[in-house]
Amino acid sequence: MRISCPTSFQITPQMARAALHKLKNNKSVGPNGIQAEDLKLAPASVLTTLVCILNLCFSHSFLPASLLSVRILPILKEKGICSKVSNNYRPIAIATTISKMIEHCILDNFQNQLSTGKWQFGYKRNLGTETAVFALKNEINHYIVNGSTVFSCFLDASKVFDCVIHEKLCSKLLDRKMPVHLVKIIYFWLKNQVYNVSGDGILSKTFVPQKSVRQGGVLSPY
């Protein structure tokens, strides 16, 4: 199937407004301190100016560092487990509100290019691991009832988000007919997003990951 796609992409104030309304209120804010409510309640002129600036950034395949910064909060997976073992923590990434707005705008306009196969159950609305388990049990049961031996192979993809190669990801986006300048923006984003870890009132030095997609990002599951 051939996927048709616009050759260029610009955010409009209407897109931005719709994207902002998808963000929940009273959530933790990113390093720049801007909340979703700040933009939702701002005068129309503020959003129009912001959209104009973002589109200028898009035209140069550039996004400012303050927009790309991410704060990571390590949270213990369970109460009572050892706090000195790094694997016992679940990282919560808190990105800037504007970056989430941009991601929603991209997702709303490129659903077809970012769609996944019918056998992927995770990260889809109204689907989950229960659906996958149900499908697997039915498939195994079908062959057992008909007297056939069943062999299963399981792939551990628990660290898959941490191992995404940026260049390969962008190559696949181009294969999906995503606009070239938008893929350039995504590549710049992945290569220049800056992280630091916050814990016990201490902020770590910043670091830039060489691979992976952002934990908790709107576009990351896609």
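This is a predicted model: local features need pLDDT of at least 70, side-chain atom pairs count only at pLDDT 80 or more; totals for chains, interfaces and linings use all residues.

Student: Which residues of α1 are buried?

Tutor: Helix α1 covers residues 13-20, and its buried residues are Ala16, Ala19 and Leu20. They lie on the same side of α1, because the arc they cover around the axis is only 95°.

Student: Why would residues with that kind of spacing point the same way?

Tutor: An α-helix has 3.6 residues a turn, so residues three or four places apart point the same way.

Student: OK, and how do the axes of α1 and α3 cross?

Tutor: The two axes come within 9 Å of each other, with a crossing angle of roughly 110°, and α1 and α3 are therefore roughly perpendicular to each other. On the α1 side the contact is made by Pro13, Ala16, Arg17 and Leu20, and on the α3 side by Ala44, Leu47, Thr48 and Val51.

Student: How many of those are nonpolar, polar or charged?

Tutor: Sorted by class, the contact of α1 with α3 has six nonpolar residues, one polar and one charged.

Student: Let me step back for a moment. How many helices and strands are there in the chain?

Tutor: The chain has eight helices and four strands, and read along the sequence they follow the pattern α-α-α-α-β-β-α-α-α-α-β-β. The C-alpha trace spans about 70 × 50 × 30 Å along its principal axes.

Student: And what share of the residues is buried?

Tutor: Of the 222 residues in the chain, 30% are buried. As for the contacts, taking those between residues at least 6 apart in sequence, 65% join residues at least 24 apart.

Student: Now the other end of the chain. What is the angle between α7 and α8?

Tutor: The axes of α7 (residues 166-175) and α8 (residues 180-192) cross at roughly 160° and come within 10 Å. That angle makes α7 roughly antiparallel to α8, since anything over 145 degrees falls in that class. The crossing is right-handed.

Student: Which residues meet there?

Tutor: From α7 there are His166, Glu167, Leu169, Cys170, Leu173 and Leu174, and these meet Val180, Val183, Ile186, Tyr187, Leu190 and Lys191 of α8. By class, the residues of this contact divide into nine nonpolar, one polar and two charged.

Student: Which residues of α7 are buried?

Tutor: His166, Cys170 and Leu173 are the buried residues of α7. Seen down the axis, they fall within an arc of 55°, so they line one face of the helix. The buried residues of α7 pack against α8, whereas Lys168 and Asp175 are exposed on the other side of α7.

Student: What is serine 212 in contact with?

Tutor: Leaving aside neighbours within four places in sequence, serine 212 is in contact with Phe161, Asp162, Cys163, Val164, His166, Leu190 and Gln193. Among these, His166 belongs to α7 and Leu190 to α8, and both also take part in the contact of α7 with α8.

Student: Last one: where is isoleucine 140, and what does it touch?

Tutor: Isoleucine 140 is in helix α6 (residues 129-145), and, not counting residues up to four places away in sequence, it touches Val150 and Ser152. Isoleucine 140 counts as partly exposed because its relative accessibility is 24%. The C-alpha atoms of isoleucine 140 and proline 13 are separated by 51 Å, the two residues being 127 apart along the chain.

Technical notes:
Residues are numbered from 1 along each chain as its sequence is written. Side-chain values use heavy atoms; hydrogens and water are left out. Axes are lines fitted to C-alpha atoms, for helices over the stretch in contact, and angles run from 0 to 180 degrees between N-to-C directions. Helices (H or I, at least four residues) and strands (E, at least two) are DSSP runs, numbered from the N terminus. Angles under 35 degrees count as roughly parallel, over 145 as roughly antiparallel, 65 to 115 as roughly perpendicular and the rest as oblique. A crossing is left-handed if the near helix is turned anticlockwise from the far one by less than a right angle, and right-handed if clockwise. Contact means heavy atoms within 4.5 Å. Ala, Val, Leu, Ile, Met, Phe, Trp, Tyr, Cys and Pro count as nonpolar, Asp, Glu, Lys and Arg as charged, and the others, Gly among them, as polar. Buried means under 20% relative accessible area, exposed over 50%, partly exposed in between (1.4 Å probe, protein chains only). The arc is that of the directions from the helix axis to the C-beta atoms.
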